[in-house]
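Visitor: I would like to learn how to read the packing in a model like this one. Please show me the structure, then take me through it.

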Amino acid sequence: MKTKPLTVANPTSKRYAYRISKEENRNQLKHVAFANNENVNDGDSKKNDKQIIDLPKKKFYRQRAHSNPFSDHQLEYPISPDKMDWSKLYPRYYDSNLKQMTKQVTIADIGCGFGGLLVDLSPEFSDDLILGMEIRVQVTNYVEDRIIALRNNHKAENKYQNINVLRGNAMKFLPNFFYKGQLSKMFFCFPDPHFKQRKHKARIITNTLLSVYAYVLREDGIIYTITDVEDLHQWMVKHLDEHPLFERLSKEWEANDKCVSIMRNSTEEGKKVERKKGTKYIACYKRLPNPV
């Protein structure tokens, strides 16, 4: 099958100029802990103390809605969790004297989109490090720019230091980033339905992938799923029900869980479904102990 030729960016366009300016800003500030300014020089520190960074505009981050998870995306990933440098993503939680992180990532949003869930989870789980994984380049750039702006603009309150995003393929490389039993929560919000039957193998919930998720989830950790596609919901429920390491939680549990409440409307897709008065299908599963 022939692929479409890549579109060359027009260096005279507003989109190109906007992306270049944001890229420069990103390269300078993405690894900065704004509150203490330890990672910037004096000139940049004084500048950042007064500067308000505008939140990014989605119209300048055009990207296809879907991405082939089986393609070679030239992704960077560590060979093992021991080799992952989390200090660049969460500089506030790096102890420069001990040369180590003071916390580990415990919550992951797989396919985080434009980062709405990350932003809303941040204040609710201020003691947790929360990571979004997104495979699309421009969407990842948008979330990075959004977090940079939020950290800078709320540095007096020391907010949003506990969230970040990286470009990655969770279907291939999740164990490269996380230790066994490291995560307490995993979110799968409005994943790609892959409607055609021949594309079902690319769905983010399969028997094989659930075993990977069980590996990185601690016992009693939770998988959260939400979609507006009933067929996909039934697919995810079927595979989770069949897996021996997951047990579905009750509707009563869902009604009382704050994460369920947050994920209903925090994502772009969730808001779109709400505007169209569509149905949101939710299923949450607890990670069971390993069989003896």
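**Reading the packing**

Guide: Start with one residue and its neighbours. Leaving out residues up to four places away in sequence, Glu254 touches Arg248, Leu249, Val260, Ile282, Ala283 and Cys284. Contact here means heavy atoms within 4.5 Å. This is a predicted model: local features need pLDDT of at least 70, side-chain atom pairs count only at pLDDT 80 or more, and totals for chains, interfaces and linings use all residues. Residues are numbered from 1 along each chain as its sequence is written, and side-chain values use heavy atoms, with hydrogens and water left out.

Visitor: Is Glu254 buried or exposed?

Guide: Buried means under 20% relative accessible area, exposed over 50%, partly exposed in between (1.4 Å probe, protein chains only). Glu254 has a relative accessible area of 5%, so Glu254 is buried. Glu254 sits in helix α8, residues 251-256. Helices (H or I, at least four residues) and strands (E, at least two) are DSSP runs, numbered from the N terminus.

Visitor: How do I read a nonpolar core?

Guide: It is a set of buried Ala, Val, Leu, Ile, Met, Phe, Trp, Tyr and Cys residues joined through side-chain atoms within 4.5 Å. The largest one here has 42 residues. Trp86, Phe178, Met186 and Tyr213 have the most contacts inside it. Elements giving two or more residues to this core include β3 (105-110), α5 (170-177) and α6 (207-216). A second, separate core of 31 residues includes Ile107, Tyr142, Leu249 and Cys259.

Visitor: How are two packed helices described?

Guide: By the angle between their axes and the distance between the axes. Axes are lines fitted to C-alpha atoms, for helices over the stretch in contact, and angles run from 0 to 180 degrees between N-to-C directions. α5 and α6 pack at about 20°, with axes 10 Å apart. That makes α5 roughly parallel to α6. Angles under 35 degrees count as roughly parallel, over 145 as roughly antiparallel, 65 to 115 as roughly perpendicular and the rest as oblique.

Visitor: Which residues meet between α5 and α6?

Guide: Met171, Leu174 and Pro175 in α5 meet Leu209, Val212, Tyr213, Tyr215 and Val216 in α6.

Visitor: How many residues of α5 are buried?

Guide: Six of its eight, so α5 is mostly covered. They are Ala170, Met171, Phe173, Leu174, Asn176 and Phe177. These buried residues pack against β3, β4, β5 (163-167), β6 and α6.
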